[in-house]
Amino acid sequence: MAALAMAACGGDAKPKADSAASGDAPFRVALLTPGPISDQSWNAGAFNGLKAIKDSLDAQTSHIQTKTPAEFEENFRQYGAQGYALVFGHGFEFQDAALRVAPSYPKTIYVTTSGNSTAANVAGMTFAFEEASYLAGMVAGAMTKTNVVGAIGGTELPPVKASFAAFAAGAKAVNPKVRVLTSYIGNWDDVSAGKEQALAQIGQGADAVFQNADAAGLGIFQAAKERGVYAFGANSNQNGVAPDVILGSVVIDLPRAFLTVAREVKAGGFKPRVVDLGMKSGVVQLVYNPQLESRIPAATRAAVDSARVAIEAGTLKPLGDTPNWADVTKPAP
């Protein structure tokens, strides 16, 4: 098997649980991430969710980093064979592997985050990331002095493209003249490539960059600091990562989301479905950086507050009439 990074258990190549719980039938929960939990973003948030399950539900937990679909499937099988009650595949890309493996281990619940596939023991958990991305776009559209802002993603996954479409819509709602540059790095962990993409967009006039790139996003922050432009954090609260340039972060409260599912599974009442979580549930939100919040005009913050209320009420749809983010097929213009 290809080399795997074991965050919870040292460097072992096989999934192995910690010793948080005891008893004849411990509640066992595992997490597969597509990247390192040191990214201070998507994967770190998931690992914090796993730790919350360990602490709150007295669970045995295990984490392993996987990189390829073959590794997704292999580790899903290993956890199923070891009798884990719940296994999270953290990302849209884990869905196919979960659907292939799940029938062989009917007592294990497989949950893919950002996934919308379901089966007898497979569930999805979607985050309305586009809702808070729209609000970030409003801030960017109001703050830009060049009328050019950027959006940089790791790879072109549907939920990422949807968040960029919503970001563009929010920017244009407050500034019809704004132009949105969109690009993708091609992976989630190349910090240097993230920086290069950001420098390229800044070279085209972008003075605010929204990113959804996990570890590669750290390079985007580096570029923003070097060139004196604004940036936005994503997935986790990244405001403290580069407090001099990050206006705010589009945050997913992954510990809260993971606990919501894990409690149901432990209680035995979980029914496989797509669990939809967004701003109304408190799982997704735009969190301003307190160090820079005063730079955002009061009128802009008031408009953002009004938009937040409208989104939560269902009267404002960041993606317009698009019924589902999976239907968003093109990057923001």
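**Note on the parallel sheet and its surroundings**

1. Strands β4 (residues 109–113) and β5 (residues 122–127) pair in the parallel sense, over four bridges. Y110 has V122 in β5 as its bridge partner. Two strands count as paired if DSSP finds at least two bridges between them. Strands are DSSP runs of E with at least two residues; helices are runs of H or I with at least four; both are numbered from the N terminus.

2. This is a predicted model: local features need pLDDT of at least 70, side-chain atom pairs count only at pLDDT 80 or more, and totals for chains, interfaces and linings use all residues. Residues are numbered from 1 along each chain as its sequence is written, and side-chain values use heavy atoms, with hydrogens and water left out.

3. The sheet is open and has six strands, in the order β2-β1-β3-β4-β5-β11, with parallel pairing. β2 (60–65) and β11 (274–277) are the edges; each has a single partner strand, so one side of each lacks a neighbour in the sheet. Neighbouring strands are turned by 20 degrees against each other on average, direction ignored.

4. Helix α1 (residues 42–57) lies across β1 (28–33), β2, β3 (86–89), β4 and β5. The helix runs at about 175 degrees to β1. Axes are lines fitted to C-alpha atoms, for helices over the stretch in contact (heavy atoms within 4.5 Å). Angles run from 0 to 180 degrees between N-to-C directions.

5. The chain holds nine helices and twelve strands. Of its 333 residues, 57% are buried (under 20% relative accessible area, 1.4 Å probe, protein chains only). Among contacts with a separation of 6 or more, 70% join residues 24 or more positions apart.

How values were computed. Buried < 20%, exposed > 50% of the residue type's maximum accessible area, 1.4 Å probe, protein only.
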